[in-house]
Amino acid sequence: MAAACKAAEKVRKVLIIERNDSLGGVLNQCIHTGFGLHCFGENLTGPEFADLQQDQVNNLDIDVFLNTFVIKVLPTREIVAVNSDGVISVSATSIVLAMGCRERTRESIVLPGARVAGVFTAGTVQRYINIENFVPGNKFVILGSGDIGLIMARRLTLEGMEVKGVYEIMPEPNGLRRNIKNCLEDFHIPLCLSTTITKIIGKDRVQAVVVSKVDKNLNPVSGTEKIIECDTVLLAVGLIPENELTSGAGAALNQATNGPLVDDTYQTTIPGIFACGNVLHVHDLADNVVVEAEKAGEQAAEYAGGN
Amino acid sequence: MKDFDIGIIGGGIIGCGIARELSRYSEKTAVFEKFADIGAGTTKGNGGFIHAGYDPFPGTLKAKLNSKGCLMYPDLARELNFPYKKTGCMVVGFHEDDLHSIEELYKRGQENGVPDLEIISGDRIFELEPEANREIRYALYSPNSAVTDPYKTTIAFAENAVTNGVRLFRNCEVREIRKLDDGFLLKTSRIDFQVKYVINAAGIYADDISQMAGAEEFHIICKHGDLIIFDKSSEVNMSMSLFPTSTSATKGIALGTKIAGNPSLGSTSIIREKGDIDTYKEGVDQLLAGASRLVTNIKNCKIVRAFAGTRAVVENNNNDFYIKPSRRVPGLFHVAGIQSPGVACAPAIAEYVVEMLLENGVRLTTTDYFTAVRTDEKPFAEMSDEERNEIIARNPAYGKIVCRCEMVTEGEIMDAIHSVVGATTVGGVKRRTRAGMGRCQSGFCQHRVIEILARELQIDPCEVYYENEGSNLLFGRLKGADIQ
Amino acid sequence: MIHIYCTECPNECYLSITDHAGRLDIAGYKCQNGLKFAQEEVTCPKRILTSTVLYKDGDAVKLLPVRTDKAVPLSRYEELMGIINKICVDYKIVRGAIIVEKIAGLEANLISSTTALKV
């Protein structure tokens, strides 16, 4: 939205293509505060932030296609997308990629044990409890002390579910100090550092996990295993930029970030295709995403030269 | 109480293959599957390789059925519309000793009737498979080896069988078997059934079934296998499967490309407890260590899924299949110990079982109403834009992408639920449509799949299972439970 | 003496607070917000509470994100959640609109975090 609004200052036609049924992306399910201090001068929740941006979009003459899924982006800047009207083709003078990221899964950390119901990534649980109105579990073990893990520890506790503990493989917690305090200490949720889950136990649903201390090489130390009874494992083990479309367009990826290689105008290696936000590299704060997106939007508009 | 002529206990690829074969006859056949879906046992943990038949020892039942089954696949895949690709494979070696093993396999292959085998070396190896490790010196090249999707094959067998009159009962665990004058009484977790003949295709539970029938004739040990699937966009793009020459540690480990396009690796083989299908770190490590010998680049590939399966081995049976009429209980037929090359042999096993029935006095009357062909829609992800426009015009639900990683539409998920042997679980939807098999492992789409299952099956989302009873994903409404 | 990080802004100043029998000695803050924060943390920690309430969209029952517009005492959280869990909004609502004024007798209002115009 930020890139579109900035671009709309300079060009005639701006189109946002969104696969969900509303704009806002993950902001809609981030009902906690911490957004907008820089952009709007207030401490806002994710939905408030998205709503303010939606107002901006509405005030400018920006076209929006919702429920529309982009299948491919060509280096000629032709976009092929699909929705319930059929396959549509859009020609763009310049494109800004802002597809965000996806969560690292259990497989990417090879967490052994039973592959049963009750192993969720943080974002999935967040969606269930904040949007879908479901209880995805009663007793949680959280792996990963990044902000999303901490925020979910608080959310779950507030809404009446039990969090047995947050387990972090590194010796230091990963998230903001504010979140350690407001999410764990406020609710007396244990934080266990240098500890990881080494096995999931369960028959059809999670029944317990085995946790173990790790040494300085992050290897489990035998003899330190403990069994923690639970029915849900929440994984907050990292985010990866979602770049199928980017590489499909032929843009080179940066091995270190998993996002596209860009120059200082946020242009990828394909002329006229720009990238910003979590698709470029994982950000901590939404406000920083907006700053970056506005720059990318401006550059994309420059490239389009008024079109 | 329901009456059937033949009752097949077990709805895996073997049981469903037999059911399909028996659906050519007018005698009434039923399949009893204890899990919520077919192919949910050993079949679910299978890697999908169709072995050509050079590995089994000549004279064994495996040897008799392997090449035959493998060569039946191309026509069957066309008839029943399931994924199949004749990729070929190579068993590769680095040293002289390996060459001896390869020559041994070649000899066995010749005796087993496997066509077109070649021992090759040098550049030819890398022409056939450019990803192969340049240190590889020798290879047994088997052009008829192939890959399939074991779940979709099982579903194809089952659906064709059901279309042709076979009854399929899922969530139907046989708990007691009583011998009657003219057959058997099967007491199950659902209702009672009376059948004249029983085919025991119960996978790792075949010895339990056998015991239930008073025919304690064999004991099953379970061989567990870990498998790995890599990201589709990996740098590694193999045209065929590679096997190392076998030691006891590496036998059966194949590195190849799954029919869906993902590089895949599997499986290990180690005796574990019955029913243990956990993922083991040791297994994953073992696979990765071995794989980089075959294709050095594999270590840069990202793991998308690590899963595991278990296969039944009949003890003291020469590691062979145990397909024979019960020695103790007339009317009971065992199809047990179907480990590798079970998938390759499945069509041949089905024919062999029918022969066995006929030889043992079972009357089978060919029906005029058999439809050999089964149709299936191409996945949306594989359609052209014209095909996509067409199908969306018919039903806009095909324009709603649910699984982004694999590009699976709401329309396809609905089809999978309402199909002849429809999905009733999240796992069932996954195996029929690929929704949830991609990079994010259903992180984005699971809630939508649950919503669609609940809507189409007219059940509450909290009643939707991941796999079997007790595998609920959601426990209830968070707020306003009384209002809903 | 206790040490805490101020959470009022990303500066996260490291504060030290010594309680001399009711009189507080606070050091490390860089602004008045930090001072106030330290004082409250010791006497009555307060946070903004965010949650969801039921929202009726025609026949469908959904969730509406809500928040308190001011920080509320941490010790009252359970009571506040009890009130929040009984609310059902069945009218069109805009971002910032008050759903419950002075919730549980506190200074803070419970307001809507988003705009929901369909009902």
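**Exercise 1.** Determine the handedness of the crossing of H1(B) and H8(B), and describe how these helices pack.

*Solution.* The crossing of H1(B) and H8(B) is right-handed; a crossing is left-handed if the near helix is turned anticlockwise from the far one by less than a right angle, and right-handed if clockwise. Helices (H or I, at least four residues) and strands (E, at least two) are DSSP runs, numbered from the N terminus. This is a predicted model, in which local features need pLDDT of at least 70, side-chain atom pairs count only at pLDDT 80 or more, and totals for chains, interfaces and linings use all residues. Residues are numbered from 1 along each chain as its sequence is written, while chains are lettered from A and ligands numbered from 1 in the order in which they are written.

Next, take the geometry. Helix H1 (residues 13-22) and helix H8 (residues 342-359) of chain B pack at an angle of about 40°, their axes 8 Å apart. Axes are lines fitted to C-alpha atoms, for helices over the stretch in contact, and angles run from 0 to 180 degrees between N-to-C directions. H1(B) is therefore oblique to H8(B), given that angles under 35 degrees count as roughly parallel, over 145 as roughly antiparallel, 65 to 115 as roughly perpendicular and the rest as oblique.

Finally, consider the residues. Among those in contact are B:Ile14 and B:Ile18 of H1(B) and B:Ala346 and B:Val353 of H8(B); two residues are in contact if their C-beta atoms, placed from the backbone, lie within 7 Å. The contact has eleven nonpolar, two polar and three charged residues. Here Ala, Val, Leu, Ile, Met, Phe, Trp, Tyr, Cys and Pro count as nonpolar, Asp, Glu, Lys and Arg as charged, and the others, Gly among them, as polar.

**Exercise 2.** State the order of the three strands in the open sheet of chain B.

*Solution.* The order is S3-S8-S4, with antiparallel pairing; two strands pair if DSSP finds at least two bridges between them. Strands S3 (49-50) and S4 (84-85) of chain B each have a single partner strand, so one side of each is left without a neighbour in the sheet. Two bridges join S3(B) to S8 (residues 146-148) of chain B, and B:Ile50 stands opposite B:Ala146 in S8(B).
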